[in-house]
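User: Please take a close look at the surroundings of the ligand and at the aromatic rings of this structure. A connected account would be welcome.

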Amino acid sequence: MHRETVLTSADLIWPLFVTDGAGVEEPIGSLPGVSRWSVDLIAARAKEAVALGIPCLALFPNTQSDRRDPIGTEALNPDNLMCRAIRAIRDACGDSIGVLTDVALDPYTSHGQDGLIDDAGYVLNDATVEVLTGQSLNQAAAGADIIAPSDMMDGRIGVIRAALEGAGHANVQIMSYAAKYASAFYGPFRDAVGSSGLLKGDKKTYQMDPANSEEALREVAMDIAEGADSVMVKPGLPYLDIVRAVKDRFEVPVFAYQVSGEYAMIEAAVAVGAGERDPLVLETLMAFKRAGCSGVLTYHAAHAARLLNG
Ligand code: PBG
């Protein structure tokens, strides 16, 4: 009766990795229990999500290495893995599930950075925004419901919003990765999208310093002013103070990403008998809700939904 927070499967967004080929399920070593799926098998995952009451999927491609180049050209291909996966999900599930698509160039660049780089390797903000805008339009045309820029360039939300309006995609939402930190928790994700072996240096010139929280509020304020429908904080558990600060300051839906390294930590604890999976999963997800999240992106989404649905 006195419980303040409720967690249900409707609070979960399930990230899925897409790979080339047919009939392919590739387990990801650093993310035990998570696989890359070929486009033909993604539809079955989407149907599973619908059956579990998960309202939204988040898609990430492992682009074929011969299709990666320094400027991420493949991001603009209307038949890239992402677009094919969106269409397959739409064919299988109609409008019964939401599709959120990642906007950033790291799964498409031969250097693993989220944007275009200069000779010194520095990521170029404005030139990158142009490509991200094309990438967003490409995903919207394929049927994405929510565009989720995870690149952390400045000014991209306003430019992408205007482009979506101009191209007749007024109903496509933007969930901005507004407060995304240059974190050590992204390692397994980079394995999953195949960028870890390519990445030189780090992403500290565009992702945030973990020491900062006021900057997070400035980033969120800019993205809301530019037209974001919802904002995200990432990583999750180590940054719940940021979630709460954003929620207290702004009247928008706030999401958080329980990222790959957080998932891997839970699985590693389970593997050595240091904790039990089910209560760890449910406690951590409840903590996100308590901190003020409208929903959580988590690789444990399907498992958690099964637990929550009894
Ligand atoms: C890249 C992107 C990253 C994640 C989501 N989008 C990694 C990065 O910024 O290097 C990380 C997600 C995770 O670790 O689960 N644009």
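Analyst: A residue is near a molecule if one of its heavy atoms lies within 4 Å of it. The model is predicted, and local features need pLDDT of at least 70, side-chain atom pairs 80 or more, while totals for chains, interfaces and linings use all residues. Residues are numbered from 1 along each chain, and side-chain values use heavy atoms, without hydrogens and water.

The ligand is surrounded by 17 residues, the closest being Arg190, Lys203, Lys234, Ser260 and Tyr299. Polar contacts are pairs of N or O atoms within 3.5 Å. An oxygen atom of the ligand lies 2.7 Å from a side-chain N or O atom of Lys180, and an oxygen atom of the ligand is 2.7 Å from such an atom of Ser260. For Lys234, a nitrogen atom of the ligand is 3.2 Å from a side-chain N or O atom.

Lys234 also meets aromatic rings. A charge sits over a ring if NZ of Lys or CZ of Arg is within 6 Å of the ring centre and within 35 degrees of the ring normal. The charged end of Lys234 is over the ring of Tyr186, 4.8 Å from its centre, and over the face of Phe189 at 5.9 Å from the ring centre.

Phe189 belongs to a cluster linked by ring pairs, whose members include Tyr177, Tyr257 and Tyr299. Rings of Phe, Tyr and Trp (its six-membered ring) pair if their centres lie within 6.5 Å; planes under 30 degrees apart are stacked, over 60 edge-to-face and the rest tilted. The whole structure holds 9 aromatic pairs. Tyr177 and Tyr257 form a tilted one, 6.3 Å centre to centre with 45 degrees between the planes.

Note on methods. Polar contact = N/O pair within 3.5 Å; in protein donor to acceptor, adjacent residues only side chain to side chain.
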